Amino acid sequence: MTQSSAPASAEVAGYAIRLGDDALILSHRLSEWSAHAPQIEEDIALANIALDLLGQARSLLTYGGSFSGRSEDDLAYLREERQFTNLQLAELENGTFAVTMVRQLLFSCYQHELYRDLESSRDAQLAAIAAKAVKEVAYHVEHASTWILRLGDGTELSHDRTQAALEGVWPYSHEMFADDELARRIADLGVGPLPSGLRPAWLGTVQGILTEATLTLPDDDWKPTGGRAGLHTEGFGYLLAEMQHLHRSHPGARW
Amino acid sequence: MSTALTPLWEVFVRPARGTNHVHVGSLHAADATLALQNARDLYTRRNEGVSIWVVRSADITASSPEEKDSFFEPSADKPYRHPTFYTIPEGVEHL
């Protein structure tokens, strides 16, 4: 990444880090599919998406960390579970291929709305990162929706599995649009959109795809949150253990 | 995954505007849209192309290796088909 000035305030730094955490953790989850995807072609597609997200994470964490003198590696490898501020959606376990694709569709559609808005952020660095990432994310949406259409409107088995995946993942989508104190402050500063404001457009896109895929939108009853405050699901500790193991065993390792 | 559900596709990539699509390889996919997406992920990761074609391998009619002689040999001894008897004027670079 090119040298640039540090974020203007602790709020902007914290905001960059939470967006970076989303990208980093989902990237890691997708990387777990390597050598396990249903086809070799899809294996590479998932790895490509993981690498796109990793690139975004690096830019965002480098920028966010520069405010407090921490590097991207410090943030990724040397924080504890409670210090990660990613959405719980991003850390959900891969489950079946249908779960991974539903998770990807819900997240990528959100990220697409978010980055499109961030392109006109008052923070020049975030605007630049978003402008580069928005094209990548448009493809992630395309990829996920292509699969959801085929899985949902495929065989009876694939439809049932995808509907079950949707029921399981859907509750976690609400956290993407929760306005907490930092999110409101960021919106006041003109740095980023208010999360709740992104939901109508997101829902329109997602609903269109799910309906075409003959899937039924789940009820909005249970709305787990906490990721932004450092509260995570049970599987998250295992993810961190794997992701951080090498760096913690061999500090500064390079190859 | 069974190849009946995911047949073979041939991939052609055009590296730049004004050039031809070139065969780069093949892949398995359930339908044309997925084949195109897979091709994008497999063959244009390093900025190799501006356009992709995918064609079902089964839809390509190819010349057979056994027919190589009858197909191609006869043109070998007809030098008059090649523009080799002209002197190239000076200053002509792209001929």
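**Two loops, then the helices**

N47(B) sits in the loop between α1 (32–43) and β3 (51–56) of chain B. Helices here are DSSP runs of H or I with at least four residues, strands are runs of E with at least two, and both are numbered from the N terminus. Before going on: this is a predicted model, in which local features need pLDDT of at least 70 and side-chain atom pairs count only at pLDDT 80 or more, while totals for chains, interfaces and linings use all residues. Residues are numbered from 1 along each chain as its sequence is written, and chains are lettered from A and ligands numbered from 1 in the order in which they are written.

Back to N47(B). Its phi is positive, about 65 degrees, although the residue is not a glycine. N47(B) has 7 other C-beta atoms within 10 Å and so is exposed. On that scale, a residue is buried if 20 or more other C-beta atoms lie within 10 Å of its own, exposed if 12 or fewer, and partly exposed in between, with C-beta atoms placed from the backbone.

Chain A has a case of this kind at A35(A), a non-glycine residue whose phi is positive, near 75 degrees. A35(A) belongs to the loop between α1 and α2 of chain A. With 8 other C-beta atoms within 10 Å, A35(A) is exposed.

How are α2(A) and α6(A) packed? Their axes are 11 Å apart and the angle is about 165 degrees; axes are lines fitted to C-alpha atoms, for helices over the stretch in contact, and angles run from 0 to 180 degrees between N-to-C directions. The two helices are therefore roughly antiparallel. For that wording, angles under 35 degrees count as roughly parallel, over 145 as roughly antiparallel, 65 to 115 as roughly perpendicular, and the rest as oblique. The crossing of α2(A) and α6(A) is left-handed, meaning that the near helix is turned anticlockwise from the far one by less than a right angle; clockwise would be right-handed.

On the α2(A) side, the residues that meet α6(A) include I49(A), D52(A), Q56(A) and Y63(A). Among their counterparts in α6(A) are I129(A), E136(A), H140(A) and H143(A). Contact means that the C-beta atoms of two residues, placed from the backbone, lie within 7 Å.

The contact takes nine residues from chain A and 13 residues from chain B. On the chain A side, α2 (40–66) and α6 each supply at least two residues. The most comes from α2(A), with four residues.

Now α6(A) itself. It has 29 residues and spans 40 Å from first C-alpha to last, close to the 42 Å expected at 1.5 Å a residue; the expected span is 1.5 Å times one less than the number of residues. There is a bend of about 35 degrees at V134(A), taken as the angle between axes fitted to the seven residues ending there and the seven starting there.

Its other partner here is α5(A). The axes of α5 (residues 97–118) and α6 (residues 124–152) of chain A come within 7 Å and cross at roughly 150 degrees. That makes α5(A) roughly antiparallel to α6(A), and this crossing is left-handed. Of the 22 residues of α5(A), 19 are buried, so the helix is largely enclosed by the rest of the structure.

Two single residues next. L75(A) is in helix α3 (residues 72–77) of chain A and counts as buried, with 22 C-beta neighbours inside 10 Å. Not counting residues up to four places away in sequence, L75(A) touches I17(A), L61(A), G65(A) and R70(A). H159(A), in helix α7 (residues 156–169) of chain A, has 17 C-beta neighbours inside 10 Å and counts as partly exposed. Leaving aside neighbours within four places in sequence, H159(A) is in contact with G152(A), G154(A) and T214(A).

Last, α10 (residues 236–249) of chain A. Where is the kink in α10(A) centred? It is on M243(A), at about 40 degrees. F236(A), L239(A) and L240(A) are buried in this helix, and the buried residues of α10(A) pack against α1 (10–31) and α4 (88–91) of chain A.
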